Every structure is written in structure tokens, then in C-alpha cells.
Amino acid sequence: MVIQKDQLKNVKIEKMTSKESAILAQMQDLGYSQGIIVTAMRILSQSKVAQEDALLYLYDERPTEDEFIEYIASLCENK
């Protein structure tokens, strides 16, 4: 599918921080599905502290996708 220029008029494009880019790269390297990547990025974008913690968790633990889902859920419960 080719996206036409006029389809992008109302799309808000945000730049990722270096931490967000690192989180994205790590999740992709671990083979996570697109759905969990998008969901996790939206949740983590709300907190710089959560981003730092998640990045360390991804690097140190190299969790499975299910383990990372549980981790993200625990972040949401603790809010």
C-alpha cells in the first residue's frame, strides 16, 4: 500500500527521544510483535522514569514478549 501525501496532512509526527529509540530498537531486536511495540511505546511515552526503567529491564533481562507485557502491566497498576 502506498500512502499518498494528502493522507498525511492530519497525521501528527512526533520525534522520538534517544531513550524511546533505544527501547524501540531493543523490542524489535527481541522479536516483539508490532502490537506490543506500539502499545508499550504509547504507555512508556507518558513517563521518562518508566522509559529509563523499561530500557534497563529490556537490556538486563531480555524478557520474552509475555514477560514484557506483564512488566508493562505492573507499571500501569502502580500508577
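1. A residue is taken as buried when its relative accessible area is under 20%. Y71 has 15% relative accessibility and therefore counts as buried. The model is a predicted one, and the values in this note are to be read accordingly.

2. F68 has 0% relative accessibility, so this residue also counts as buried. The description buried holds for Y32 as well as for F68.

3. The count of aromatic pairs, with ring centres required to lie within 6.5 Å, comes to four. In the pair of Y32 and F68 the ring centres are 5.6 Å apart and the planes stand at 35°, so the arrangement is tilted. Y32 belongs to the loop between α1 (18-29) and α2 (34-44), whereas F68 belongs to helix α4 (residues 65-77); the pair therefore ties together parts that are 36 residues apart in sequence.

4. A second pair that involves F68 is the one with Y71, which is stacked, with 5.8 Å from centre to centre and 20° between the planes. Both F68 and Y71 lie in helix α4, where they are three residues apart, about one turn of the helix. Which residues make up the aromatic cluster? One cluster is formed by Y32, Y57, F68 and Y71.

5. The next point concerns helix packing. Two packed helices are described by the angle between their axes and by the distance between those axes. For α1 and helix α3 (residues 48-61) the angle is about 30° and the axes are 10 Å apart. Angles under 35 degrees count as roughly parallel, and α1 is therefore roughly parallel to α3. The crossing in which α1 passes α3 is left-handed.

6. Which residues make the contact between α1 and α3? On the side of α1 they are K19, E20, A22, I23, Q26 and M27. On the side of α3 they are Q51, E52, L55, L58 and Y59. By residue class, the contact of α1 with α3 comprises six nonpolar, two polar and three charged residues.

7. R62 is placed in the loop between α3 and α4.

Notes: Residues numbered from 1 in each chain as written. Predicted model: local features only at pLDDT ≥ 70, side-chain atom pairs only at ≥ 80, totals over all residues. Heavy atoms only, no water. Phe/Tyr/Trp six-rings, centres within 6.5 Å; stacked < 30°, edge-to-face > 60°. Helix = DSSP H or I, 4+ residues; strand = E, 2+ residues; numbered from the N terminus. Buried < 20%, exposed > 50% of the residue type's maximum accessible area, 1.4 Å probe, protein only. Axes fitted to C-alpha atoms, helices over the stretch in contact; angles between N-to-C directions. Parallel < 35°, antiparallel > 145°, perpendicular 65-115°, else oblique. Left-handed = near helix turned anticlockwise from the far one by under 90°. Contact = heavy atoms within 4.5 Å. Nonpolar A, V, L, I, M, F, W, Y, C, P; charged D, E, K, R; others polar.
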